[in-house]
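Dear colleague,

I am handing over a structure that may be new to you, and below it I have set out what was found in it.

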Amino acid sequence: MEETGDPITVAEIQGIAKHKLPSNVYNYYACGADEEKALARNQAMFDRLLIRPRVMMDVSHIDTSVSVFGRHYPCPIAFAPSAMQKLAGPAGETDVAVAAANLNLNMTLSSQSTTSLEDIAQIRCRKQEAPDQWFQLYLTKDPQQSISLIKRASAMGYKALVLTVDTPILGNRINERKTPLVLPEGLSLANFPENADSATPRRPTYERLLLDARTAAEAEEVIKTAGPILHSPCLTWHESISWLRSVTDMKIILKGIMTEEDAELAIKWGADALIVSNHGGRQLDGIPSTIEVLPAIAQAVRGRIPVVFDGGVRRGSDVFKAVALGADLVLIGRPVLWGLAYNGSKGVETVANILERELYRTMVLSGVTNIRNIRQSSLAVAKRDGFGVARL
């Protein structure tokens with residue numbers, strides 16, 4: 001067969017994206033906080049998990065499908081929210097939504113998108129059997145400012161509101177501090193039309209200005225100038241979730257849960273689902289990887305609400321491992337951006353297809369025929385002395 005040169009792994013697509021994207025854009029998406037230990041750990045901890053293959057199983061039929069909130073998906077892969085996707089590809093979020101619709105996969109639109117939530121919803125509306133779309137939100141210091149955005153999302157058919165709860169302030173992203181990223185002329189945060197004036201001077205957001213404050217006095221001045229539009233540092237379990245319930249009938253999903261204690265509180269205060277996430281290693285450094293904390297969180301939840309997983313997934317075997325440890329749905333973030341940079345909507349589809357085929361092969365070769373039969377017993381870790389394996 002003639003060599004086509006088409007990428008066959010997510011790592012290859014990332015390499016292409018790194019070559020094609022301006023360095024400041026690639027680094028903005030790829031970087032983590034501080035020394036990027038959490039970023040590296042998210043991926044590295046997958047390698048510590050070993051798959052225990054079973055043989056002499058009839059693997060002629062493999063079912064990779066899952067259902068979340070009553071919606072059926074062909075595999076447990078969904079597209080995570082990420083900001084300003086037109087930086088990665090000219091059509092940005094539109095291409096991601098087209099890929100999601102073509103593959104019948106769930107996607108979450110970032111509130112900080114460069115395409116309006118209405119335009120993205122229209123893509124779903126054009127497809128008769130379309131997957132659900134969710135909408136991600138940061139609450140500001142004055143939550144009333146978010147009501148219009150929430151009601152717009154609800155009116156356009158978004159099924160869930162994904163509240164990011166791990167960002168009362170931006171993490172110490174060294175790369176962003178050294179090379180602040182601003183949207184170029186012609187691009188804007190499309191869900192905030194008041195900020196779309198092309199005559200407005202381009203500058204970092206107040207969150208990024210606060211990130212770069214060198215003294216307490218500088219930080220206080222940014223906070224004073226920004227007023228109520230900064231990310232809220234005063235979210236609470238009772239008040240924030242109750243307030244959201246009072247303004248929307250959409251399902252409420254909390255993104256950024258990293259402990260079993262917070263998982264229990266999420267259920268106590270009525271969250272419909274949670275996302276195990278450390279923001280891709282972009283917030284607090286020196287914390288566990290998401291795959292490390294997933295088992296304890298899933299055990300605490302005990303199937304009462306869906307557990308969605310986010311962080312470090314680059315291979316179909318990573319999806320297998322996350323499902324084995326309790327994930328009902330697995331989000332991919334950066335790989336979507338790399339696919340977008342590689343080849344627009346077709347590139348995003350390529351990424352999803354690579355992961356689906358790798359997951360399928362992993363299931364066949366491990367003797368598991370149905371997603372629901374992937375268990376923690378499918379995995380092991382190396383023993384402490386480096387020889388042999390111990391079951392989880």
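Helix 6 and helix 10 are oblique to each other, in a model that, please bear in mind throughout, is predicted. Their axes cross at roughly 55° and come within 10 Å, with helix 10 covering residues 237-247, and the crossing in which helix 6 passes helix 10 is right-handed. On the side of helix 6 the residues that meet the partner are I147, I150 and K151, while helix 10 brings W243, L244 and V247. Sorted by class, this contact between helix 6 and helix 10 has five nonpolar residues, one charged residue and no polar ones.

A second pair of helices to look at is helix 4, residues 93-103, and helix 14, residues 334-366, whose axes come within 9 Å and cross at roughly 10°. Because angles under 35 degrees count as roughly parallel, helix 4 is described as roughly parallel to helix 14. In this contact D95, V96, V98, A99, N102 and L103 of helix 4 meet V336, L340, G344, S345, V348, E349, A352 and N353 of helix 14. By class, the contact of helix 4 with helix 14 has eight nonpolar, four polar and two charged residues.

Helix 11 makes the contact through E260, A263, E264 and I267, and helix 12 through A296, I297, A300 and V301. The classes in this contact of helix 11 with helix 12 are six nonpolar residues, two charged residues and no polar ones.

Turning to aromatic rings, the structure holds five aromatic pairs. In one of them, F135 and Y158, the ring centres are 5.7 Å apart and the planes stand at 65°, so the pair is edge-to-face. This pair links distant parts of the chain, since F135 belongs to strand 6 (residues 133-137) whereas Y158, 23 residues away, sits in the loop between helix 6 (147-155) and strand 7 (160-164). F135 counts as buried because its relative accessibility is 0%, and Y158, at 3% relative accessibility, likewise counts as buried.

Two residues of helix 13 complete these notes. A322 is found in helix 13, which spans residues 316-324, and with a relative accessibility of 0% A322 counts as buried. If residues up to four places away in sequence are not counted, A322 touches I291, L294, F309, A327 and V330. The C-alpha atom of A322 is separated by 9.6 Å from that of I374, a residue 52 places away along the chain. D318 also lies in helix 13, and D318 is buried, its relative accessible area being 1%. Which residues is D318 in contact with, once its neighbours within four places in sequence are left aside? They are F46, G312 and V313.

With kind regards

Key:
Residues are numbered from 1 along each chain as its sequence is written. This is a predicted model: local features need pLDDT of at least 70, side-chain atom pairs count only at pLDDT 80 or more; totals for chains, interfaces and linings use all residues. Side-chain values use heavy atoms; hydrogens and water are left out. Contact means heavy atoms within 4.5 Å. Helices (H or I, at least four residues) and strands (E, at least two) are DSSP runs, numbered from the N terminus. Ala, Val, Leu, Ile, Met, Phe, Trp, Tyr, Cys and Pro count as nonpolar, Asp, Glu, Lys and Arg as charged, and the others, Gly among them, as polar. Rings of Phe, Tyr and Trp (its six-membered ring) pair if their centres lie within 6.5 Å; planes under 30 degrees apart count as stacked, over 60 as edge-to-face and the rest as tilted. Buried means under 20% relative accessible area, exposed over 50%, partly exposed in between (1.4 Å probe, protein chains only). Axes are lines fitted to C-alpha atoms, for helices over the stretch in contact, and angles run from 0 to 180 degrees between N-to-C directions. Angles under 35 degrees count as roughly parallel, over 145 as roughly antiparallel, 65 to 115 as roughly perpendicular and the rest as oblique. A crossing is left-handed if the near helix is turned anticlockwise from the far one by less than a right angle, and right-handed if clockwise.
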